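The report below describes one protein chain, from its overall form to a few selected residues. Please keep the sequence and the structure in view while reading.

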Amino acid sequence: MKRIFILFGVVSFSFMFSQQKQVQRATIAFLNVENFWDTVPSADYIDGTKDVHNPAFHRSVPIDSLQYLETTEEYKGIWSDSLLLGKKVIRHQILADDFTENSAKNWNKEKYNQKLANESKVISELGRQYTNDNPVIVGLIEVENRQVIQDLISQPALVKSNYGIVHYNSYDARGIDIAIIYQKNRFKVTESYVKDIVIFNDDGYRTYTRGVLVVKGVLDGEKVAVFMNHWPSRSGGEARSLPKRAAAAKVLKDEMDKIRAEDPATKLFAMGDFNDDPVSASVRKILGAVGDPSQLSEKSPYYNLMAKLYKAGVASLAYRDAPNLFDQIIVSKNLYSNEKLTPTYTIYKAEIYAPSYLVNNAGQWKGYPLRSWDGDRFTGGYSDHFPAVSVVQKVYKPGK
């Protein structure tokens with residue numbers, strides 16, 4: 001197996017500012033927490049009599065509790081919120097039994113607690129050298145359910161930040177979801193929803209992936225919208241699977257364009273694991289994310305903060321023994337400024353965060369992210385991806 005040393009680093013936007021001006025900063029980041037399941041065997045219960053925006057509409061339920069829940073039918077149709085209105089049904093996932101004490105993984109409370117400590121440590125460090133604080137908004141990829149997120153934000157490294165949660169169960173066949181956590185004293189959520197990504201396999205049957213999670217709100221007095229993504233994988237090959245990611249890119253672009261048209265002042269952050277690089281057609285052509293701020297315009301209003309890192313050889317993972325930068329943050333053009341410091345938030349830093357403890361330092365996988373899983377063996381590591389980080393800053397105005 002060829003060894004690849006994964007480069008990592010920081011892009012600095014080289015903003016210098018007067019010592020007389022106070023600066024306010026905020027970190028918006030995300031990380032793939034790699035198969036983060038609790039130890040309880042569970043399934044999804046969809047209660048179509050509830051509001052689709054209520055977590056009770058589609059929730060994770062322990063297997064041994066299913067016998068006590070009312071079901072209206074053995075549902076065999078397409079899985080979507082709109083088609084399940086009025087129904088009460090159960091949905092099992094492919095990995096429902098893998099992450100349990102009785103499985104080959106022997107996934108127990110001790111290992112779960114170590115995973116919680118590991119991920120909370122990483123989150124607490126994202127952007128800290130620039131803000132001296134935990135990140136204000138953090139996207140999470142590959143979480144099993146809301147309870148895992150609640151356990152995570154209750155960890156000592158995070159609990160003081162008083163994080164809120166935005167999470168919706170997905171119809172992903174494996175049972176993994178995306179979510180965001182946010183500091184409730186700095187970010188006020190005004191609306192959240194998920195836009196489905198409809199894709200099909202080679203036989204014409206629908207396959208299920210994670211939708212685009214859209215969260216609108218007010219960050220330190222400014223309107224922002226966050227779009228969390230975990231696009232379909234390259235399973236079957238990059239070219240063969242490209243139409244699935246193209247479909248995801250179209251959904252994301254439509255939502256970003258819509259919110260930008262409704263209010264051009266809203267600042268947009270699209271982030272996640274795109275399973276494509278910044279130069280891939282899905283990101284560069286369909287989404288239209290440019291790689292240099294000089295290319296920004298009304299027709300090309302989205303800037304990929306990771307494009308320069310990619311050109312410099314930085315990677316966030318290795319896929320099939322080759323370095324890739326799938327973990328990206330893309331922002332609207334109103335978050336970029338040539339000025340050193342402005343009255344409203346603009347990008348200050350962007351980086352792939354890869355301190356030495358997140359990097360495998362020996363053996364066959366030297367230079368790769370120190371992942372949590374090697375087959376069925378829990379390694380005690382962190383993730384098979386490095387986190388992506390952005391930091392925004394503005395002139396601090398007391399009382400605002």
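Predicted model: local features only at pLDDT ≥ 70, side-chain atom pairs only at ≥ 80, totals over all residues.

Strands, as the word is used here, are DSSP runs of E with at least two residues, and they are numbered from the N terminus.

**The chain as a whole**

The secondary structure of the protein chain comprises six helices and 23 strands. For 400 residues a compact globule would have a radius of gyration near 21 Å, and because the protein chain has 21 Å, it agrees with that expectation. The C-alpha trace spans about 65 × 50 × 45 Å along its principal axes. Of the contacts in the protein chain with a separation of 6 or more, 72% are made by residues 24 or more positions apart. Buried residues make up 57% of the 400 residues.

**Two residues side by side**

| Residue | Element | Relative accessible area |
|---|---|---|
| Ala 246 | helix 4 (residues 238-262) | 18% |

Why does Ala 246 count as buried? Its relative accessible area is 18%, and buried means under 20%, so Ala 246 falls within that class.

Leaving aside residues up to four places away in sequence, His 230 touches Ile 141, Glu 142, Arg 174, Ile 176, Ile 178, Thr 209, Arg 210, Asp 273 and Asn 275. With the same exclusion, Ala 246 touches Ser 282 and Ile 286. The C-alpha atoms of Ala 246 and Val 283 are separated by 8.3 Å, although these two residues are 37 residues apart along the chain.

**Strand 20 and its partner**

Which strand is joined to strand 20 by six bridges? The partner is strand 23 (residues 388-395), and the two strands run antiparallel. Within this pairing, Glu 351 stands opposite Val 389 in strand 23. Strand 20, which covers residues 346-352, is mostly covered, since seven of its seven residues are buried, that is, under 20% relative accessible area.

Key. Residues numbered from 1 in each chain as written. Heavy atoms only, no water. Helix = DSSP H or I, 4+ residues; strand = E, 2+ residues; numbered from the N terminus. Rg over C-alpha atoms; globule rule 2.2 N^0.38 Å. Buried < 20%, exposed > 50% of the residue type's maximum accessible area, 1.4 Å probe, protein only. Contact = heavy atoms within 4.5 Å. Pairing = 2+ DSSP bridges.
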